[in-house]
Amino acid sequence: MMFVCSDAKPDTDPTELPDIEKWVAENDSRGRRLTGDVLAPTSAATTVRVRDGELLVSEGPFAETAEVIVGFDLLDCADLDEAIEVARTHPMARQGRLELRPFAAVSN
């Protein structure tokens with residue numbers, strides 16, 4: 001899973017950013033990107049918790065922070081090196097940050 005996040009300190013390199021549509025098309029055609037999307041702003045978030053049997057629902061994200069998750073891509077890569085290469089070419093690698101996280105192995 002690749003979380004696409006904002007960053008308070010984007011890259012200052014003046015060269016043109018990669019085109020997101022080209023990035024999506026290339027990774028979709030290679031079968032490395034299974035799905036992905038942009039998330040609604042944090043103002044649309046709802047946080048749900050249960051404490052001592054009581055349902056607690058609040059508006060907004062679970063954490064107040066300048067950096068937020070703005071989207072995601074589900075990747076199918078052979079290994080971490082390939083995932084890093086895919087992330088390196090994503091436009092948000094320069095404007096924000098990308099968090100790569102494997103799915104946990106579930107034992108039965």
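What do the buried residues of H1 pack against? I looked, and they pack against strand E1 (2-6), strand E2 (33-38), strand E5 (69-75) and H2.

Ground rules before I go on. The model is predicted, so I keep in mind that local features need pLDDT of at least 70 and side-chain atom pairs count only at pLDDT 80 or more, while totals for chains, interfaces and linings use all residues. Residues are numbered from 1 along each chain as its sequence is written, and side-chain values use heavy atoms, with hydrogens and water left out. Helices (H or I, at least four residues) and strands (E, at least two) are DSSP runs, numbered from the N terminus.

**Helix H1**

I checked burial next (buried is under 20% relative accessible area, exposed over 50%, with a 1.4 Å probe and protein chains only). Trp23, Val24 and Asn27 are the buried ones I noted in H1. Down the axis of H1 its buried residues fall within an arc of 95°, so they line one face of the helix; the arc is taken from the directions from the helix axis to the C-beta atoms. On the other side of H1 I found Glu21, Lys22 and Ser29 exposed. Just after H1, Gly31 has a positive phi of about 75°.

I followed Val86 through its contacts (heavy atoms within 4.5 Å). Leaving aside neighbours within four places in sequence, Val86 touches Trp23, Asn27, Arg32, Leu75 and Cys77.

**The sheet**

I traced 4 strands in an open sheet, order E2-E5-E1-E6, with antiparallel pairing. Two strands pair if DSSP finds at least two bridges between them. E2 and E6 (96-100) stand at the edges with a single partner strand each, so one side of each has no neighbour in the sheet. The twist averages 20° from one strand to the next. Between E2 and E5 I get 5 bridges, and Val38 has Gly71 in E5 as its bridge partner.

**Helices on the sheet**

H1 lies across E1, E2 and E5, at about 155° to E2. H2 lies across E1, E5 and E6, at about 160° to E6. For these angles, axes are lines fitted to C-alpha atoms, for helices over the stretch in contact, and angles run from 0 to 180 degrees between N-to-C directions.
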